[in-house]
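Hi everyone, thanks for coming. I'd like to walk you through one model today, from the inside out, so please have a look at the screen.

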Amino acid sequence: MKSIFSLILLTLILSTSFAQTKKRGKVKRKFRNTETVSSALPSVFIRGAVYDEDDNPLPGASVTIDGTPRGVNTNGDGEYLIDNLVNGRARVRVSFIGYKTHTADIILRAGQNEKNVMLPSDNIHLEPIMVNSQKRKQQILDVPTAISSVSENTLRNSNITELSQLSEFVPGLMIRQQGANRANFVIRGLTSDEISPSSQPRVSTYFNNVPINRESGAALELYDMQRVEVLKGPQNTLFGRGAQAGAVHFISKMPGNDFKGTLTAGFGDYGQQEVRGAINLPIIKDKLAIRAAGIYNAHDGFIENTFGGDLMGKETLGGRFSARFRPSYNHKFDLILNYQKDDTPGVAFMSNKFPNTNGVTDIFSGVASHEQGENLGTAKNIFNATLNYKYYVNEHSYWSSITSYRSTEASSRWDGDGTASAAIDMAEFSNAQQFYQEIRGNFSRSSRLNGSIGGSFWWEKADQTYWFSPNEQHLASLMILPQPTPVDPNGQPISIPAIPNYIPELDSTVYIPLPSDHQEENFNQANNMAAETFMDVTYQLSRKFFVSGGVRMVYDRYKLTNEATFAGGSPSVLGMFTGNAPNVFFLPTASQEITKNTLSFTWRGGLKYRFNEYGNVFANYARGRRPNVLQFTTSGEEEVLDAEILDNFELGFKGSFLDRVFFDVVGFYQLYKNFQTSAWVADPDNGEFNYKVKDGGKAKSYGAEANVRVAVLEQLDFYANYAWLKSEFDSTDVNGLTQEYAGNSFRLAPEHSFTLGFYSRVNIVPTIKLFVNPSYSYKTHMFFEDANTPGLEQEAYGLLNINAGLELDEPNVILTVWASNVLDEQYVTSAGNTGSLFGVPTFVPGPPRMVGTKLTWNFNAPEKRRKRR
């Protein structure tokens with residue numbers, strides 16, 4: 001019944017939103033500098049463009065008519081259209097944070113009225129921030145939800161080149177990356193773990209409006225980016241089924257009408273080398289433009305491996321080509337081709353209990369002993385192609401089509417015991433191909449009802465292979481000794497050549513040799529598909545009150561196949577103890593499969609009260625859903641976990657004061673059911689040794705997040721953010737039974753975190769500017785597992801980063817000196833890991849202090865101002 005009702009509702013809104021109004025006589029209109037004839041517009045309307053002092057269009061500016069409930073935000077070309085007006089005198093009000101508000105009185109007459117507006121800015125002003133979170137251009141002040149945007153200027157001024165650095169500028173967000181793969185996004189304590197190729201993320205990552213469903217594919221290099229938008233709380237109705245906890249949207253720069261470009265070269269500690277560049281080429285004026293960008297970024301690992309090579313390094317090569325084609329005023333095509341290749345040294349999973357071959361147990365010594373040496377590493381290849389087409393009905397109503405293909409290949413090999421022992425030698429290989437098609441209609445009716453409606457289809461084929469190759473003479477030291485002890489005090493492996501086996505029939509004990517070479521594999525392949533329909537609308541009830549709501553219907557179909565094999569070497573002897581012989585970890589099984597089809601709904605609703613163009617308060621409710629998890633245990637048992645449900649409530653305020661201060665604060669309360677927690681499970685009695693998803697039952701979290709930006713002086717900007725988070729598993733589940741993690745806090749969920757900094761620049765001579773941008777980020781204590789295991793935790797710590805240099809006006813050359821972790825803080829980014837299955841947890845140290853420099857040249861053709869009437 002719910003599905004029938006939703007389909008009827010979607011059909012009604014679709015037909016009324018894009019239907020033409022009754023013909024009232026033909027009226028000539030101007031749209032994108034082209035005269036056409038329209039019979040669809042009301043008798044009195046006003047249109048125009050909003051631009052800055054340099055004649056650049058201002059997308060997202062707020063345009064309202066005083067005394068009426070009519071208002072819109074300018075589109076991507078800075079244009080607006082307000083209809084359903086009446087004859088007579090009216091006052092047009094145009095505002096955008098960072099610019100002076102403009103008001104103009106105009107006499108409205110029947111037919112078309114035109115008003116172009118130039119917004120000047122003060123010498124001291126905030127940076128304007130435009131977002132696309134509600135699938136239309138808006139200034140961030142007008143979006144009634146918890147959202148942050150890291151702009152191109154912030155990325156450049158703060159030298160943000162890593163995802164972990166990016167997260168420090170967004171309250172409530174943490175991004176943890178180990179090697180080239182496994183970019184782990186955490187919003188309000190909810191992580192985006194990828195356990196099975198059929199599992200879907202809680203935090204949805206998007207690249208130019210296309211979902212990225214694999215963690216390895218989300219580990220993007222930050223170059224030639226326009227901005228990164230982060231939405232917190234369920235975003236299922238706007239961004240799809242994978243955005244249960246929030247969404248992170250990477251938006252790259254698109255081609256423009258001006259010839260310009262940039263080239264950067266730099267070097268730093270640990271052999272760091274960086275070369276990046278971009279060029280924008282207009283081919284046919286106002287019709288066709290292309291843009292090409294690329295990067296090479298590499299440095300040696302900051303951990304030396306006594307077995308050869310190093311660990312925790314980087315080598316990334318990336319390229320991007322974009323084209324924009326506008327054959328006419330109401331048609332636009334955007335093509336984006338993106339490629340990235342990573343080939344990095346291995347991850348340093350280090351033991352803080354057992355020494356390296358130098359006899360040192362300090363994980364911050366900068367030396368590890370991982371016996372596979374240079375065979376360790378992480379690598380991936382990403383390719384994606386996206387075609388975005390828009391057909392404009394008018395300035396605010398248009399159809400869009402997004403067609404995308406993405407492929408990802410990723411691999412990693414690591415030393416799971418963190419010592420010179422060859423006990424846990426593991427690797428993972430994964431591949432994914434994805435196709436995505438979305439059709440969306442954006443509409444504006446009577447300049448009061450704004451929204452979008454449409455549908456999408458997503459298909460994915462993904463596989464994952466775990467390879468395990470232990471030396472069982474070393475692995476025995478973890479499995480049969482009273483206390484797991486992989487190495488002696490000198491860091492040398494403890495080897496047990498054979499194990500005793502008592503034979504009752506002979507009343508004697510014989511010794512069974514243990515093999516030194518054994519290989520086994522566990523292969524999973526998923527075929528995933530989802531068909532979705534969605535609708536999201538905002539209606540202006542009066543001059544000050546707005547109501548919004550959205551719904552999404554999703555049909556999911558998942559099929560997961562599994563097969564475990566003895567892959568090579570000698571059969572396992574220790575498998576007799578785990579019950580998985582001839583393997584240790586993975587019980588050999590023939591191909592088996594799980595299928596699951598579901599029909600689900602998510603929805604949201606919200607209210608906003610607008611004081612004026614400078615401030616508003618809002619309240620929202622949203623339901624989020626993470627699909628069922630399909631998985632096989634290492635003993636071959638199939639498991640299907642219930643979908644995780646999140647109910648989110650939030651209350652917030654956003655305001656701009658004196659054109660110099662922007663402040664926003666959001667409080668939230670979240671309730672979870674069927675909480676999908678990830679855990680390392682060691683159950684020798686049932687032959688289970690794996691990392692899997694468990695049903696954590698009921699849980700809750702609540703807290704607050706705040707941002708502030710202040711333009712103190714013309715030469716000084718201040719910024720800060722703060723997040724407070726309380727998370728806890730309930731004491732009992734839905735059946736009243738005591739929960740395993742009762743009272744525990746979520747992992748990777750510090751109670752308090754903040755970042756503060758400033759950006760200062762001053763001319764030391766008329767053509768040379770000195771700038772400095774320090775920032776300090778702080779996090780309180782947090783656990784690395786939902787089990788809150790003592791010792792697998794990180795105490796409070798803070799990181800100081802500094803970016804400073806000189807900028808020459810003409811030619812525009814910038815010399816930058818940067819330093820990260822200036823105070824050389826010692827902290828870990830991961831704890832537990834594979835070794836915890838055998839009582840030998842490992843830790844991954846965070847990067848030490850690094851210093852480098854870079855030189856940037858920005859070039860462009862002489863600008864010519866276009867005249868506007």
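Before we start, a quick word on terms: a nonpolar core here is a set of buried Ala, Val, Leu, Ile, Met, Phe, Trp, Tyr and Cys residues joined through side-chain atoms within 4.5 Å. And please keep in mind that this is a predicted model.

Let's begin inside. The largest nonpolar core has 49 residues, and the members that touch the most others are I303, M312, F468, L475, F585 and F838. At least two residues each come from β32 (449-468), α5 (472-479), β51 (797-808), β53 (828-832) and β54 (842-845). Of these, α5 gives the most, with three residues. Apart from this core there is another one, made up of 38 residues, including L155, A183, V230 and A699.

Which residue is the bridge partner of Q177 in β15? That is A183. Strand β15 covers residues 181-187 and pairs with β14 in the antiparallel sense, over six bridges. Together with β16 they make an open, antiparallel sheet of three strands, in the order β14-β15-β16. The edges are β14 (173-178) and β16 (190-191), each pairing on one side only.

Now to the surface. F321, L335, L337, Y339, F383, L387 and Y405 form a nonpolar patch there, with about 540 Å² of accessible area together. Both β27 (331-345) and β29 (377-392) supply at least two of its residues, and β27 has the largest share, with three.

Thanks, and I'm happy to discuss!

Terms used
Residues numbered from 1 in each chain as written. Predicted model: local features only at pLDDT ≥ 70, side-chain atom pairs only at ≥ 80, totals over all residues. Heavy atoms only, no water. Buried < 20%, exposed > 50% of the residue type's maximum accessible area, 1.4 Å probe, protein only. Helix = DSSP H or I, 4+ residues; strand = E, 2+ residues; numbered from the N terminus. Pairing = 2+ DSSP bridges. Patch = residues over 30% accessible without salt bridge, like charges linked within 9 Å, V, L, I, M, F, W, Y side chains within 5 Å. Areas by Shrake-Rupley, 256 points an atom, 1.4 Å probe, with all protein chains shown as cover. Salt bridge = Lys/Arg side-chain N within 4 Å of Asp/Glu carboxyl O.
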